[in-house]
Amino acid sequence: MQDSEPNSAPLRPGQPRVVPRPQHNISRANISESALRVLYRLRQENFQAHLVGGGVRDLLLGHEPKDFDVATDATPEQVRQVFRNCRLIGRRFRLAHVQFGRDIIEVATFRGSGSDDGESPERQVRDGLIVRDNLYGTIEEDALRRDFTINALYYDIADLALIDYAGGLEDLRAGRLRLIGDPVKRYREDPVRMLRAVRFACKLGFTIEPETERPLFELGHLLRDIPAARLFDELLKLFHSGYGVAAFEKLRHYGLFGHLFPATEACLAQEDHAFPITFVNRGLANTDKRLAEDKPVTPAFLYAILLWEPVRRRWEALVAQGMATTEAILLASAEIRAGQRPLIAIPKRFSLPMHEIWALQPRLEQRDGKRPYRLITHPRFRAAYDFLVLRAEAGEADPELADWWTRFQEASSQERARMTDPSPRRKRRPRRQKRSESSA
Ligand code: ATP
Ligand code: MG
């Protein structure tokens with residue numbers, strides 16, 4: 001973006017700031033071919049077609065956009081008629097997905113503002129929460145119902161100009177995250193915007209403008225009204241984008257973390273040693289590092305980290321009550337998962353491996369005989385071992401045990417036989433000195 005456009009004139013409703021093509025830095029060369037195809041095709045059919053949201057924001061900042069979102073005056077049904085490779089999704093917020101190979105372009109119809117009394121069947125508001133948002137409107141109305149000013153910038157494919165209805169260009173230049181409209185009302189309409197505020201602040205390194213920031217300390221309880229499946233999706237965006245440590249710290253700073261992970265928060269809040277926080281931090285730092293190195297990450301491991309501390313404490317308590325250690329961890333896992341389920345819906349394909357990572361922890365303590373050979377072929381062994389290493393680094397598990405498994409994996413069959421033979425270990429154990437020796 002260049003500085004030639006006036007940057008202080010207050011925006012009046014209906015008076016957007018328009019930045020013509022020569023005065024901004026968005027080039028079609030940086031827009032994906034699929035997005036351009038969608039934009040041009042809609043235009044051909046005489047619909048309006050704009051790039052909007054993260055794509056425009058990230059291009060202006062010189063970042064590579066994660067994906068491209070398109071806004072249009074065509075209804076979802078009309079979009080479907082234009083593209084064969086199109087699927088309509090979402091009930092609360094109906095959208096068209098146009099697919100080119102693995103690339104999906106999200107096409108949203110301009111939303112209208114409507115009245116807030118919840119009368120219209122297309123736009124329903126209950127206790128301030130928008131439960132249905134399918135009332136269509138003009139581009140200006142669409143801009144003002146978006147979340148942050150920097151997410152409400154439009155790139156018009158008709159003349160390649162940038163259109164700013166909400167002051168987003170100025171905020172972008174200032175590195176500032178600002179909700180459009182009254183922040184408390186906007187968070188109540190959709191509490192997920194609180195998580196989005198944290199996400200964009202971390203991702204872009206922006207400061208949250210004070211009016212937008214203040215309610216974050218107070219409105220965390222609203223997250224409980226969000227469907228558990230949507231929270232799962234949002235939290236993955238937060239923790240699997242490479243800045244998980246920063247996101248965790250911000251969520252705790254605003255008191256939001258406890259509304260998402262109450263059992264974990266209870267442990268962190270009354271931590272007696274430093275390791276619960278250290279453990280979560282290390283786990284998330286490890287995930288961030290893997291993402292930076294383009295290594296795969298899985299929600300199973302992420303949630304194993306986030307929920308470990310309550311599982312571990314419950315496990316310890318059950319063992320102290322006399323339960324066998326392998327049985328106790330199964331029960332602890334079941335209890336913590338049941339407590340978490342109403343808040344965040346972790347799909348089975350992740351919650352099962354998460355459970356296995358935990359369940360293998362006591363089994364990693366059994367090093368004699370055939371057991372290590374069996375364990376090492378378990379499909380979840382590698383994840384469980386990585387988890388043990390993290391626990392050891394955080395000072396919660398025995399580093400010697402983690403080290404033993406590291407060596408065992410690399411050892412020759414002869415060495416393995418020696419390592420799993422209980423007798424040498426017993427022999428090596430120092431014998432008790434006799435009283436007469438020690439006093440001598
Ligand atoms: P990302 O880089 O993560 O894709 P994004 O800003 O594009 O960031 P999306 O979730 O793809 O985020 O949403 C696209 C756009 O839709 C946003 O930029 C914003 O304008 C609008 N939007 C998304 N979610 C909301 C919401 N909960 N409330 C209001 N507007 C939203
Ligand atoms: Mg996007």
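A polar contact is a pair of N or O atoms within 3.5 Å; within protein, one atom must be able to donate a hydrogen and the other to accept it, and residues adjacent in sequence count only if both atoms are side-chain atoms.

## Ligand 1

In this predicted model, a polar side-chain atom of D190 lies 2.8 Å from a nitrogen atom of ligand 1. Oxygen atoms of ligand 1 are approached by two further residues: a polar side-chain atom of R57 lies at 2.9 Å from one, and a polar side-chain atom of D69 at 3.1 Å from one. There are 17 residues around ligand 1, of which G54, R57, D190, R193 and R199 come nearest; a residue counts as near if one of its heavy atoms lies within 4 Å of the molecule.

Residues are numbered from 1 along each chain as its sequence is written, while chains are lettered from A and ligands numbered from 1 in the order in which they are written. As the model is predicted, local features need pLDDT of at least 70 and side-chain atom pairs count only at pLDDT 80 or more, whereas totals for chains, interfaces and linings use all residues; side-chain values use heavy atoms, with hydrogens and water left out.

## Magnesium site

D67 (OD) and D69 (OD) coordinate the magnesium ion (ligand 2) at 2.3 to 2.5 Å. Donors are N, O and S atoms within 2.8 Å of the metal (3.2 Å for Na, K and Ca), and the site may look incomplete because water is not among the atoms.

D67 lies in the loop between helix 2 (54–60) and strand 3 (69–72); helices (H or I, at least four residues) and strands (E, at least two) are DSSP runs, numbered from the N terminus. D67 is partly exposed, with a relative accessible area of 32%; this class falls between buried (under 20%) and exposed (over 50%), using a 1.4 Å probe and protein chains only. The side chains of D67 and K66 are joined by a polar contact of 3.3 Å. D69 is placed in strand 3 and, neighbours within four places in sequence aside, is in contact (heavy atoms within 4.5 Å) with H50, L51, V52, G54 and E106.

## Residue T264

T264 belongs to helix 12 (residues 262–269). The residue is buried, with a relative accessible area of 1%. Not counting residues up to four places away in sequence, T264 touches F257, L306, L307 and P310.
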